[in-house]
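Hi,

Here is the model I said I'd send over. Have a look at it first, and then read my notes below.

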Amino acid sequence: MKVDTNICIRCGACASVCPVNAIEVADAYVRADKSCNNCGICAKLCPVGAVMIERKL
Amino acid sequence: MSARAATRAGAEVLLLDKRRELGVPVQCGEALAEEPLLDLGIKPNPRWIAGEVNAVRLISPSGLEVSIAEKKAVHGKVGFILDRKVFDKHLAMLAAKEGADVMVGTLVDGLLMDGKKIAGVKASSFDGRMEVRAKVVIAADGVVSRVARWAGVNTTLKLVDIESCAQFQMVGIDIKSPEVMEYYFGSKITPGGYAWVFPKGRDMANVGIGILSSRMQRPAIDYLKDFVNSMPGLKKGRVIEINGGGVPVGGPIPKTFKDNLLIVGDAARQVNALTGGGIDSAMRAGNIAGEVAAKAVASGDVSEKKLKEYEKRWREQMGKRFKRYLKAKEVLLSMSDEELDRLAKALQGVEFEKISLTDMLKVFMKVSPKLMWKLKGLM
Ligand SMILES: Cc1cc2nc3c(=O)[nH]c(=O)nc-3n(C[C@H](O)[C@H](O)[C@H](O)COP(=O)(O)OP(=O)(O)OC[C@H]3O[C@@H](n4cnc5c(N)ncnc54)[C@H](O)[C@@H]3O)c2cc1C
Ligand code: SF4
Ligand code: SF4
């Protein structure tokens with residue numbers, strides 16, 4: 001996952017549902033570490049639609 | 001609250017928060033009853049009170065209004081709409097005044113372990129990386145709740161157990177009655193949740209929406225824009241702040257303690273599943289956690305055997321309530337728009353003064369016998 005920092009309100013909702021606890025919610029940024037498998041769950045609930053998922057075809 | 005309580009009880013306390021400014025960004029509708037403040041000895045202060053409320057108005061999908069006048073309404077007694085940007089700082093200040101050390105702008109990014117034992121936290125701050133050794137770690141890291149997960153406690157939420165919320169702080173809007181909190185229901189406006197208008201005076205309010213994440217088709221903020229546009233009194237206003245967040249509505253985690261660790265507030269999912277209110281319970285549980293942790297440290301035994309007193313005490317105080325709210329939420333989720341409208345219609349003109357959830361349910365049952373079976377077990 002990638003976060004559009006212009007939209008993200010740094011609420012941390014995405015991190016609370018991540019099954020692999022990959023998301024770090026800092027004061028200035030929100031990002032996933034290497035363990036992210038792009039499952040897309042976090043994107044489903046982001047209240048402002050800031051999460052982008054890279055789909056591997 | 002934990003920091004204040006633990007310092008008071010004689011412990012040496014360090015309060016870490018990743019935020020450089022406490023309370024910012026706001027992730028909250030900011031409604032709080034007066035009762036928890038009184039119980040916890042916190043004097044209401046005009047610096048962090050943006051509005052005072054004494055009634056609740058529920059608006060059904062077709063627009064029928066049910067008014068619940070004053071006191072003991074859904075959120076408890078007469079309450080406040082806070083300014084959490086000031087309130088959160090005020091709570092930290094209370095802890096600091098008692099003697100707690102406070103470090104803001106400090107992100108906890110891992111646990112410090114002595115073998116299998118939790119021995120503190122790792123963090124990064126203005127001063128670079130640091131390790132803090134502690135006998136007890138209190139994880140009060142909000143909805144994100146990573147600390148507990150690092151310790152092996154599963155706090156990961158399922159999409160059915162979290163409301164996705166977006167909120168505008170708006171000015172230049174029409175507020176009919178600044179002392180009334182409004183809740184709007186209906187699957188069109190907000191699937192599996194509600195929209196709210198919490199007044200901050202005559203022409204300003206927190207206008208927000210919460211949607212069950214599993215039922216969400218678009219980002220919550222899009223539903224919020226639709227809601228605002230559908231209300232002429234709001235549409236004419238201006239948005240001066242956009243915020244939001246996730247509200248856990250699946251009830252508390254089954255176990256909130258471990259050797260050297262206590263889990264508090266949103267991190268432990270101690271939230272009223274029906275209203276989404278969690279300030280009250282986070283403060284109460286936080287206070288208990290601080291007291292128990294300090295006592296354990298003083299006794300030299302910080303094992304889970306000693307720390308489980310925390311869970312025992314908060315469950316005694318709030319456990320039953322959490323269960324009932326959870327059940328009530330499930331009933332609400334199961335109701336169709338037609339059922340909600342029928343209920344609202346039946347409740348027109350019903351005298352609602354001095355109502356509690358129990359009394360309210362009794363009235364619901366009377367007016368809508370069909371709901372009886374759904375509501376059973378709630379009383
Ligand atoms: C849109 C919305 C509306 C709401 N409306 C209401 C309402 O009207 N009334 C009500 O009672 N409740 C409401 N709630 C719920 C309420 O906001 C929470 O229940 C309450 O804030 C929980 O308090 P807490 O201390 O557990 O967590 P928080 O207030 O979230 O505090 C957690 C703190 O931990 C810090 N933190 C997190 N991770 C780290 C880390 N790794 N390192 C360092 N610090 C960290 C954060 O910076 C934050 O300061 C609402 C929630 C939302 C999202
Ligand atoms: S849920 Fe969305 S807005 Fe909230 S922190 Fe994650 S990416 Fe940002
Ligand atoms: S895409 Fe899945 S694994 Fe990656 S951060 Fe989001 S929830 Fe976690």
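Predicted model: local features only at pLDDT ≥ 70, side-chain atom pairs only at ≥ 80, totals over all residues.

**What I found**

For context, most residues other than glycine have a negative phi, and most peptide bonds are trans. You'll find Glu30(B) in the loop between strand 1 and strand 2 of chain B.

Is Asn38(A) buried or exposed? At 11% relative accessibility it counts as buried, since the cut-off for buried is under 20%. Asn38(A) also turns up in the surroundings of ligand 3, which brings me to the ligands.

**Around the ligands**

The residues surrounding ligand 3 include four cysteines by name, Cys18(A), Cys36(A), Cys39(A) and Cys42(A). Also in that shell are Met1(A), Pro19(A), Val20(A), Ile23(A) and Ile53(A), along with Asn37(A), Asn38(A) and Gly40(A). Sorted by class, the shell of ligand 3 comes to nine nonpolar residues, three polar ones and no charged ones.

Ligand 2 has 13 residues around it, and the closest are Cys8(A), Cys11(A), Gly12(A), Cys14(A) and Cys46(A). Its shell divides into 11 nonpolar residues, one polar and one charged.

**Chain A as a whole**

Chain A contains two helices and four strands, and along the sequence they follow the pattern β-α-β-β-α-β. Its radius of gyration is 10 Å, close to the 10 Å that the globule rule gives for 57 residues, so chain A is as compact as a globular protein of that length. Taken along the principal axes, its C-alpha atoms fill a box of roughly 30 × 20 × 15 Å. Of the 57 residues in chain A, 51% are buried. As for contacts in chain A with a separation of 6 or more, 44% come from residues 24 or more positions apart.

**Chain B as a whole**

For chain B the secondary structure comes to 11 helices and 18 strands. A compact globule of 379 residues would have a radius of gyration near 21 Å, and chain B agrees, with 21 Å. The C-alpha trace of chain B spans about 60 × 45 × 40 Å along its principal axes. Buried residues account for 55% of the 379 in chain B. Of the chain B contacts between residues at least 6 apart in sequence, 70% join residues at least 24 apart.

Chain B has an open sheet of three strands, in the order 11-18-17 and with mixed pairing. Its edge strands are strand 11 (137-139) and strand 17 (257-258), each of which pairs on one side only. Strand 17 of chain B runs antiparallel to strand 18 (residues 261-263), and two bridges join them. Within that pair, Phe257(B) stands opposite Leu262(B) in strand 18.

Further along, Thr275(B) sits in the loop between strand 18 and helix 7 (279-299) of chain B. With 7% relative accessibility, Thr275(B) counts as buried. And what does its side chain reach? It reaches the backbone nitrogen of Gly277(B), at 3.1 Å.

The other one to click on is His90(B), in helix 3 (residues 84-98) of chain B. His90(B) has 10% relative accessibility and so counts as buried. Leaving out residues up to four places away in sequence, His90(B) touches Ile42(B), Asn45(B) and Trp48(B). Asn45(B) is 45 residues from His90(B) along the chain, and their C-alpha atoms are separated by 9.5 Å.

Cheers

Methods
Residues numbered from 1 in each chain as written. Chains lettered and ligands numbered in written order. Heavy atoms only, no water. Near = heavy atom within 4 Å. Nonpolar A, V, L, I, M, F, W, Y, C, P; charged D, E, K, R; others polar. Pairing = 2+ DSSP bridges. Buried < 20%, exposed > 50% of the residue type's maximum accessible area, 1.4 Å probe, protein only. Polar contact = N/O pair within 3.5 Å; in protein donor to acceptor, adjacent residues only side chain to side chain. Rg over C-alpha atoms; globule rule 2.2 N^0.38 Å. Contact = heavy atoms within 4.5 Å.
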